[in-house]
Amino acid sequence: MSIELINASFSYPGGFLANENLNLVIQPGERVAIVGQNGAGKTTAVKMMNGLHKPTAGDVLVDGKNTKEFTTAQIARTVGYVFQNPDDQIFNQSVRAEIEYMPRYFKFSPQETRRRVERAVALAGLEDYMGKNPFDIPYPIRKFVTIAAVLATEPKYVIFDEPTAGQDRRGTKILENMMDELQKEGIAVVTITHDMEFVARNFDRVVAMAHRNILADGTAAEIFGNNQVVEEARIRRPQLAQLALDLGLEGILNCEELVEALD
Amino acid sequence: MSLIELENVTYHYPFSKEPALRQISCTFEKGKFYGIVGENGGGKTSLCNLLRGLIPHFYRGKLEGRVTIDGTDVQDWDTGRLSARIGYVFQNPFTQISGIKATVFEEVAMGLENLGRPKKEMVDEVLRVCKLLDIENLMEKSPNALSGGQRQRVAFASILAMDADILVIDEPTSQLDPQGTQDVFEIIHTLRGTGKTILLVEHKVDLIAEYCDEVLVMQGGQIVRKGPTAQVLADKELPQLGALQPQVAMFGHAMADAGKPLEEIPITLEQALRLVRRRRGEV
């Protein structure tokens, strides 16, 4: 059971090649951060994982099933994708209707629908917003509406695209608790992000992308410690990781470690 | 007289029982670069709406107290004239892009076109801002075929083309990668050098630390801190006020708590490096 990209390439209609020969395996319960500069091919790669894009060469297998042989709707039950821009995803009149939409579409019983919606709403911290129109609430909260709508489908793999963009401390904390809960349930979380402090705090595995391809795949400490990767993927190290390196200390990612290492 | 003055301002959105802004008094000086930070729902965007005249001209609601821009009460400003003085970059670039223009070039030119500027002047201005924002290679593309980060640059360019002397910018870098973010801060910094007054809402405090003259912290509709950047961002209470703090400042406080204090609380990486080296006796 896994998502496998096997020599997967994707060209947009018109010929623009966004991904070339990607090889990547995502296991259940894993947390993987995908990093790299705008235009490196990150969003295209994750869209191949949930069948929004079918590889134009090579294959993508989701739990052994080739995405080319299934519809995106079928794959979306296993791999949930939260869009970068919530306004690309939202189309219902109330937060409740938006989150209930997929469980209803899948024709779950009212009890099962309620259970799924309550769980998703609790994970996303949306209890106070259920009756509101999604377009009347602030952008960062709207992003949580789209996250809850995807969680209500209870996928085995969840993909977030820039989830911390515009979030404050509270929003980031909700997101981090959510990822802990999902991991306990064995759900894999794949996240595209530019927020390296978020990566340093929460991700064991980091995939750095550049020029349509995967440049490096390793632990956060390995990726941030590798000058060549940092430069080529145009990553900005977390401030304290950079400070530690400038002081000649390796493998340090957070405040406690750095305070400990200094006299 | 300050460029912008707020005196005891309280504002309720229509039908809202809780005020979005409470008892705000502050001034903004010409030519300074202000960073506005704080938790979501704290009033940052409402303050922006007030300064660009959307409150009270568009949102109505109940505005108490007095807001003057360049000596004229905001209630008395003609919205057309005010929007020529104040440029506003939307939080969500997907909202700002007009959707009615076929190319990025036309999108950036739209504001000037509406003002009826001569063609030559318009073309020169569009080329200038596209160069400044490094989107020359996108000029012939459709604004709807762009990535989030590219849209953000285009949205920013269309406002710069209007050449307003006050810029209110609401999270311009939320969709940008680190290099793009740094570039945008560099551009804003350059604009400040040309005498423009800039109010920037932004969560990326490490960059605010490097570039802004002053920082305002908003919480619950109030300004809970306002002062020189170094003073506000080093404040140990900043996290309790719902705002993010530069990691190096938190590190500075943690060092002090561990009985290994630095000479002061750093807010930038360079400063932290210097202070640690000094503590180690290296410099």
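## Close-up views of chain B

**View 1. Strands β3 and β8 of chain B run side by side.** Strand β3 (residues 33-38) and strand β8 (residues 197-201) of chain B pair in the parallel sense over four bridges. Pairing requires at least two DSSP bridges between two strands. Tyr34(B) has Leu199(B) of β8(B) as its bridge partner. The model is predicted: local features need pLDDT of at least 70, side-chain atom pairs count only at pLDDT 80 or more, and totals for chains, interfaces and linings use all residues. Residues are numbered from 1 along each chain as its sequence is written, while chains are lettered from A and ligands numbered from 1 in the order in which they are written.

**View 2. The open sheet of chain B has six strands.** Their order is β6-β7-β8-β3-β9-β10, with mixed pairing. β6 (86-89) and β10 (222-228) of chain B are the edge strands, each pairing on one side only. From one strand to the next, the twist averages 15°. Helix α8(B) packs on the sheet and touches β3, β7 (166-170) and β8 of chain B. The directions of α8(B) and β8(B) make about 155°. Such angles run from 0 to 180 degrees between N-to-C directions, with axes fitted to C-alpha atoms, for helices over the stretch in contact. Helices (H or I, at least four residues) and strands (E, at least two) are DSSP runs, numbered from the N terminus.

**View 3. Helix α1 of chain B is largely enclosed by the rest of the structure.** Eight of the eight residues of α1 (residues 44-51) are buried. A buried residue has 20 or more other C-beta atoms within 10 Å of its own, these atoms being placed from the backbone. Lys44(B), Asn49(B) and Leu51(B) are among them. Just after α1(B), Gly53(B) takes a positive phi of about 85°.

View 4. Buried residues of α5 (residues 104-114) include Phe105(B), Glu107(B) and Leu112(B).

**View 5. Chain B meets chain A.** Here 34 residues of chain B contact 33 residues of chain A. Contact means C-beta atoms, placed from the backbone, within 7 Å. α7 (148-160), α8 (178-193), α11 (247-257) and α12 (269-279) of chain B each supply at least two residues of this side. α11(B) gives the most, with six residues. The model scores ipTM 0.80 and pTM 0.83.

Terms used:
Contact = placed C-beta atoms within 7 Å. Buried ≥ 20, exposed ≤ 12 C-beta atoms within 10 Å, placed from the backbone.
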